[in-house]
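These are my notebook entries on one chain, kept in the order in which I looked things up.

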Amino acid sequence: MTDASTVSHAFWAPFTPMRQFQQQPMMFESAEGMYYRTPDGRKILDAMAGLWCVNAGHGQPSIVQAIQEAAARLDFVSSFKMSHPAAQAMSDALIALAPEGMTNVFFTNSGSEAVDTALKIARAYHQARGDSRRTKFIGRAKGYHGMGFGGLSVSGIGRQKRDFGPLLGEVSHLPLPYDASMRFSAGQPEQGASYAEALAQLLDIQDPGTVAAVIVEPVTGSGGVYPPPVGYLQRLRELCTQHGVLLIFDEVITGFGRVGGNFAAQVFGVTPDLMTVAKGLTNGAVPMGGVIVSSDVYQAFMAGPPQAVELMHGYTYSAHPLACAAGLATLRLHQELGINAMVQEISPFWQSQALALKGLPHVNDVRSIGLLCAVDVAPRAGAAGMRGADVARYCFEHGVLVRASGDMIVISPPLIVSQAQVEQIFECLRQALLVDGI
């Protein structure tokens, strides 16, 4: 850990116990490839991809160069009634990767902004079609959709909502499609599609003619890496189509190779009406997000006078020139490296290493799909979260960075991870779980 005397007491970090951080700061000063480097010169294997986002590894020269050249050429131009060539190119590049039928992208600066934008587009879509009764949203238990008021409202993690209410009204939640029979799973559980029938029940309760959209992560990410049961997403799509409800996929984590395809929508064979993206979009190098929408959704806004603003919404930094440069370089690099194929090739080994943790002390469950994994460890009596924190601290002290979320360990390395590095990650976890006192 870094000397506490070097830490600014002015800095207020997100999702961080500040008093503890100020006494035991975890600091990094550089990064390259699969590794961070601490101020005291230690190399730390990044098993988090930054925060689910550095998919192609740190410090990729082509991305760095693209950002430098963009900064020298055009530092900023608004996207309000004007634009620049890189924004047009970035739009085309994203749509070329998106599922068929998705034709337009609205740029934001983060996943949180993308979700709030998607929710606003959903309501405005129904308004544009003269269906003003459709204002309600349906999220899902354990879902994470960022920290904007809209995203937080449809999220399904209670602790994150506790301090900020009241949030948006008229929001309901589906149950998590997971139970004890699915523990220690690799890939999609074969059973569990019937969990989607909860949507039919909710629509009956709410009156389907009042519901604007259903929003889910194709794979629940921050809430615990819960893959969808086979057939589950297909049934959600059928029910949404049947009742005129928009389906939103939050692909902020699952997009850009994380589960072995451009997007999870394509991997699972289900096309939503709107799709939020961020994180891996720019390899984490510059903040950027977006909402990719279907042709039907976009065209619904285009019926009025051509001089009128169709969507009264936006952000100062939407399609920022540096973000577009980073995004274009990232998408090119993914293609050059063959990221999707790399993930498909190493995923079986990743999953076998993950499931090999079964039977170790304190391990209650392991879930894995693509290059995502969550390990649930048993909480200590009267000290929830402490065992998870101790496991993560042990791993850091032994050269591997994992994320503890309470008593759940989440790992999601850069997608360029080697087999030897996968072995190192899980061996470090294994050793941590075997330590007396953990």
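Entry 1: I began with Asp207, which sits in the loop between helix 8 and strand 8. The model is a predicted one, and in it Asp207 has a positive phi of about 80° although Asp207 is not a glycine. I noted Asp207 as partly exposed, because its relative accessibility is 30%.

Phe184 also went on the list, with a positive phi of about 55° and again no glycine. Phe184 belongs to the loop between strand 6 and strand 7 (185-186). Is Phe184 buried or exposed? Its relative accessibility is 17%, so I put Phe184 down as buried, the cut-off being under 20%.

I then looked at a peptide bond: the one from Gly165 to Pro166 is cis, with omega near 0°. Pro166 is placed in the loop between helix 7 (158-161) and strand 6.

Entry 2: I traced an open sheet of seven strands, ordered 4-11-10-9-8-5-6, and its pairing is mixed. Strand 4 (102-108) and strand 6 (171-174) form the edges, each pairing on one side only. On average, neighbouring strands here are turned by 20° against each other, direction ignored.

Which residue of strand 11 stands opposite Asn104? I found Val293 there.

Helix 8 lies across strand 5, strand 6 and strand 8. Against strand 6, helix 8 runs at about 160°.

**Entry 3: helix 8 with helix 9.** I took the pair formed by helix 8 (residues 197-206) and helix 9 (residues 232-243), whose axes are 9 Å apart and which pack at an angle of about 25°. That angle is under 35 degrees, so I recorded helix 8 as roughly parallel to helix 9. From helix 8 the contact has Glu197, Leu199, Ala200 and Leu203; from helix 9 it has Arg235, Leu236, Leu239, Cys240 and His243. By type, the residues of this contact divide into six nonpolar, one polar and two charged.

**Entry 4: nonpolar cores.** The largest nonpolar core has 64 residues, and I noted Met90, Leu94, Leu174, Leu199, Val214 and Ile292 as touching the most other members. Helix 12 (residues 321-337) gives the most to this core, nine residues. Another core lies apart from it; I counted that one at 36 residues, including Ile346, Trp350, Val391 and Leu415.

I went back to Val214 for its neighbours. Which residues does Val214 touch, leaving out those up to four places away in sequence? The list reads Ile138, Leu174, Leu199, Cys240, Val245, Leu246, Leu247 and Ile248.

Entry 5: I found an open sheet of five strands, ordered 7-12-13-16-15, with mixed pairing. Its edges are strand 7 and strand 15 (403-405), each pairing on one side only. Strand 15 pairs with strand 16 (residues 408-411) in the antiparallel sense, over three bridges. There Ala404 stands opposite Ile409 of strand 16.

Helix 13 (residues 339-355) lies across strand 7, strand 12 (363-369), strand 13 and strand 16. I noted its run at about 175° to strand 12.

**Entry 6: two single residues.** Ala383 is in the loop between strand 13 (372-377) and helix 14 (386-397). With a relative accessible area of 21%, Ala383 is partly exposed. I also took a distance: 36 Å separates the C-alpha atoms of Ala383 and Ile416, which are 33 residues apart along the chain.

Last, I looked at Gln421, found in helix 15 (residues 419-434). Gln421 counts as buried because its relative accessibility is 13%. Leaving out residues up to four places away in sequence, Gln421 touches Met34, Tyr35, Leu45 and Ile416.

Conventions
Residues are numbered from 1 along each chain as its sequence is written. This is a predicted model: local features need pLDDT of at least 70, side-chain atom pairs count only at pLDDT 80 or more; totals for chains, interfaces and linings use all residues. Side-chain values use heavy atoms; hydrogens and water are left out. A nonpolar core is a set of buried Ala, Val, Leu, Ile, Met, Phe, Trp, Tyr and Cys residues joined through side-chain atoms within 4.5 Å. Buried means under 20% relative accessible area, exposed over 50%, partly exposed in between (1.4 Å probe, protein chains only). Helices (H or I, at least four residues) and strands (E, at least two) are DSSP runs, numbered from the N terminus. Contact means heavy atoms within 4.5 Å. Axes are lines fitted to C-alpha atoms, for helices over the stretch in contact, and angles run from 0 to 180 degrees between N-to-C directions. Angles under 35 degrees count as roughly parallel, over 145 as roughly antiparallel, 65 to 115 as roughly perpendicular and the rest as oblique. Ala, Val, Leu, Ile, Met, Phe, Trp, Tyr, Cys and Pro count as nonpolar, Asp, Glu, Lys and Arg as charged, and the others, Gly among them, as polar. Two strands pair if DSSP finds at least two bridges between them.
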